[in-house]
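Here is a short briefing on one protein chain. Look at the fold as a whole before turning to the points below.

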Amino acid sequence: MNVTSVSLPAFSALHARRQTGDFLDCYYVQADMPVRAAAEIITDFPGWARFLLVIRRIITAPFGLDNDGPNVADKIGIFPVESETDTEVIAGFDDRHLNFRVSVLAQDGNISLATWVAPHNIGGRLYLMAIMPFHIAIVKNALGRVGRATR
């Protein structure tokens with residue numbers, strides 16, 4: 001699957017959150033499916049990614065970081081859904097060290113996955129730097145699975 005880095009599509013609601021110093025990336029793959037279906041595939045992590053989340057839980061537990069997010073009825077995977085339209089699902093939550101949201105967008109036969117992070121402190125910035133290689137691998141794997149699901 002050809003997963004490509006792109007600019008966040010202009011219609012994304014994540015633009016309203018973005019401020020100087022925030023992290024934002026966006027990748028896309030050719031896939032024609034409803035946005036919620038794509039979001040469900042994206043957040044159904046493979047075993048190796050679930051293992052990384054277990055390691056994250058162990059490492060971050062002493063710092064009191066939230067591993068599960070708020071207890072809400074509507075989630076995609078582990079992420080609480082914040083908003084949903086026919087073309088975009090935004091999910092995520094705010095924590096002590098950073099705020100984050102993921103956006104899954106469907107447009108013109110493409111599915112995009114964007115991640116926005118606003119670190120609150122040095123801990124948030126260090127955490128973001130530490131997870132970046134894993135973040136990219138997970139995103140590319142997730143969008144690859146979306147692309148294969150439409151073939």
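H3 lies across S2, S6 and S7. Its direction runs at about 10° to that of S2. Keep in mind that this is a predicted model.

**The sheet**

- Seven strands form an open sheet, in the order S1-S2-S7-S6-S5-S4-S3, with antiparallel pairing.
- The edge strands are S1 and S3 (75-76), and each of them pairs on one side only.
- H1 also packs on the sheet, where it touches S3, S4, S5, S6 and S7.
- The direction of H1 makes about 130° with that of S6.
- In general, the strands of a sheet pair through backbone hydrogen bonds, either parallel or antiparallel.

**Strand S2 and its partners**

- S1 (residues 4-5) pairs with S2 in the antiparallel sense, over 2 bridges.
- Here Ser-5 stands opposite Tyr-27 of S2.
- S2 and S7 are also antiparallel, and 8 bridges join them.
- In this pair, Cys-26 faces Ala-114 of S7 as its opposite residue.
- S2 is mostly covered, with 6 of its 8 residues buried.

**The nonpolar cores**

- The largest nonpolar core has 33 residues.
- Which members touch the most others? They are Ile-42, Val-104, Ile-111, Leu-143 and Val-146.
- Two or more residues each come from S2 (23-30), H1 (35-42), S4 (79-84), S5 (88-94), S6 (98-107), S7 (110-119) and H3 (122-149).
- H3 gives the most to this core, with 7 residues.
- Take Val-146: leaving aside residues up to four places away in sequence, it touches Val-29, Ala-31, Met-33, Ala-38, Ile-41, Ile-42 and Ile-111.
- Another core, of 9 residues, lies apart from the largest one. Among its members are Cys-26, Leu-105, Ala-114 and Trp-116.

**Salt bridges around Arg-36**

- The count for the structure comes to 6 salt bridges.
- One of them joins the side chains of Asp-74 and Arg-36, at 2.6 Å from N to O.
- This pair links distant parts of the chain, 38 residues apart. Asp-74 sits in the loop between H2 (47-60) and S3, while Arg-36 is in H1.
- Is Arg-36 buried or partly exposed? Its relative accessibility is 22%, so Arg-36 counts as partly exposed.
- Asp-74 is partly exposed too, at 33% relative accessibility.
- Arg-36 forms a salt bridge with Glu-84 as well, and the closest N and O atoms are 2.6 Å apart.
- Because Arg-36 lies in H1 and Glu-84 in S4, this pair ties together parts that are 48 residues apart in sequence.
- Glu-84 counts as partly exposed, at 39% relative accessibility.

**Salt bridges around Arg-101**

- Glu-82 and Arg-101 meet through their side chains in a salt bridge of 2.7 Å, N to O.
- Glu-82 lies in S4 and Arg-101 in S6, so the pair ties together parts 19 residues apart in sequence.
- Is Arg-101 buried or exposed? Arg-101 has 5% relative accessibility, so it counts as buried.
- Salt bridges with shared partners join Arg-17, Glu-82, Asp-94 and Arg-101 into one network.

Methods
Residues numbered from 1 in each chain as written. Predicted model: local features only at pLDDT ≥ 70, side-chain atom pairs only at ≥ 80, totals over all residues. Heavy atoms only, no water. Core = buried A, V, L, I, M, F, W, Y, C linked by side-chain atoms within 4.5 Å. Buried < 20%, exposed > 50% of the residue type's maximum accessible area, 1.4 Å probe, protein only. Helix = DSSP H or I, 4+ residues; strand = E, 2+ residues; numbered from the N terminus. Contact = heavy atoms within 4.5 Å. Pairing = 2+ DSSP bridges. Axes fitted to C-alpha atoms, helices over the stretch in contact; angles between N-to-C directions. Salt bridge = Lys/Arg side-chain N within 4 Å of Asp/Glu carboxyl O.
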